Amino acid sequence: MAPVLRNLLDNDVLELTLLTPEPELPPGVLDVGVAWVHSSDLLDPTPFLDQGHVLLITGTQFDAATTDAEYAGYVGRLAARRVAGLGFGTEVIRNGTPVGLRLACLEAGLPLFEVPYRTPFIAIARFAADLVAEETYARRTWALKAQRAISLAALRPNGLAATLAELSHQLGHWVALYDATGALDRVFPSTTPRHLVAGAVHSEAVALLRKGRRAGSAIVVDGETLTLQTLGRGESLRGVLAVGGASGLDDAGHQVVTSVIALAGLALEQNHELDYARSLLRAGLWHALLSGDVELARTVVRQMWGDLPREPVRVGIIAGDQRTIDTLSESLDLRVADQPGTLFYAPDGATVIVCVGRDAADLPEALADSFDVTMGVSDEAPYSQLHRAREQAAHALARAHDSGERVVAFSSIARQGMLAFLAHADAQEIGRATLAPLIRHDEVEGTALVESLRVWLEENGHIERAAARLGVHRHTMRARIGDCERVLGYDLGSFHARADLWAALLALGAPSRES
């Protein structure tokens, strides 16, 4: 353990006597670490002292005329410098330790001990130096052993988790890993209170990642100092490592943490490269499925992830921002690992394709509830008709974008019929061109032929019902339909003309009674 003032006082060879009784001193002052022992009879030696030093004096700076205030000023300067203790060597200049010095030390809470004439100052300095050297050697030895144990842990199958678990064990503190989005990935030990790794720590991890460069910080939560450090290259951060109990780490502890940061960053980078390779493999297998090579895809998927979902399957196409897609992919990876054979997913351009069987029928809605994504879902189909299912999912995704819905199933589009689909297809320009003569006539003449035509078609060509809906006389309604025939050049008595104009109205987005 690190040398403390108590070690010096308890050494029988040195024969040191504590003059300021421990009960009258602040708690723990005798257990403050001793960094070095220095001797000086300067009236103000503080420029040559530092925190944790023990000062030895013979008292030449004092004489019989030294006042209590002067003793208090001298001791106050030492206490402000956070000196660990003061030793007074007797029988060199004077017998005994000045009472004024003792009272000043008690007032300032600074331990004062007496050094007998037979104990040379160099013996005290050498004893403290030996303790410091032993502690330094012990900490270096520990650091080497800890780094070796951590390196061996990194070679295990789940190297990253094993590395972080070993770091937690070696430091005796909790360790948490946050992913590239700032979400908590894992924590060791698992019994760590969740409030320590959530809240302020999560917010700080997100803030570090948003800087987009390598960075570190320290925060205090519930009186505990925590350190956080980003992992990965500055232009491509992979996560954040948080370590509890940072205030108690010495240089050796920081060295171990630094080595783990390097190992964890490398492991995350390798995992990213591996994930990219797996992503390419998934994309290739998806195209193999689309091309009809189901057995090849099934063989590879079975070896890598379990098996393909059982037929019939539904295809879902998911769209979202890149960060959401990355998080979604990680979630799908976990689901594949936990429930093999229930789904297959793959990147498809800027979207993600999911292929699910009946035992995962609730997956599309569950994903939509958990992630900010838009999804189109096909009808059930065998693998031999997967290409058609993909087209259905693409149409459903387009409808979802248009309608603002989170999930749209192709079956809901099919129930609305072919003409209803025109309102969401690339037919607006054709519809606008078809109805252009009526639109111009309404604009120039101030008529309402487009609206009259729409209502008349909705009423299946019934003049009286259309007139009643518009609040006009039936003769006025009949005249408007005649104007429509004249302006458009259509025979509205034919089914083909009526169907064509109704499709044009839908493509143009004209509101209908049914919508």
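A: Tyrosine 71 is buried, with a relative accessible area of 4%. The model is predicted, and this residue belongs to an aromatic cluster made up of Phe62, Tyr71 and Tyr74.

Take the pairs in turn. The count of aromatic pairs comes to two. The rings of phenylalanine 62 and tyrosine 71 have centres 4.8 Å apart. Their planes stand at 55°, so this pair is tilted; the edge-to-face class needs planes over 60 degrees apart.

Phenylalanine 62 also pairs with tyrosine 74. Here the ring centres lie 5.1 Å apart. The planes meet at 90°, so the pair is edge-to-face. This pair links distant parts of the chain. Phenylalanine 62 sits in the loop between strand S3 (53-57) and helix H2 (68-80). Tyrosine 74 lies in helix H2, twelve residues apart from phenylalanine 62.

Now burial. Phenylalanine 62 has a relative accessible area of 8%, so it counts as buried, the cut-off being under 20%. Tyrosine 74 is buried as well. In soluble globular proteins, nonpolar side chains tend to be buried together.

The charged end of arginine 282 sits over the ring of tryptophan 305, 3.9 Å from the ring centre. Arg282 is also among the residues in contact with phenylalanine 344, as are Trp286 and Leu289. Trp286, Leu289 and Phe344 are in turn among the residues that touch the most other members of the largest nonpolar core, which has 40 residues.

Definitions and conventions: Residues numbered from 1 in each chain as written. Predicted model: local features only at pLDDT ≥ 70, side-chain atom pairs only at ≥ 80, totals over all residues. Heavy atoms only, no water. Core = buried A, V, L, I, M, F, W, Y, C linked by side-chain atoms within 4.5 Å. Buried < 20%, exposed > 50% of the residue type's maximum accessible area, 1.4 Å probe, protein only. Contact = heavy atoms within 4.5 Å. Phe/Tyr/Trp six-rings, centres within 6.5 Å; stacked < 30°, edge-to-face > 60°. Helix = DSSP H or I, 4+ residues; strand = E, 2+ residues; numbered from the N terminus. Lys NZ or Arg CZ within 6 Å of the ring centre and 35° of its normal. Lists of a residue's contacts leave out its neighbours within four places in sequence.
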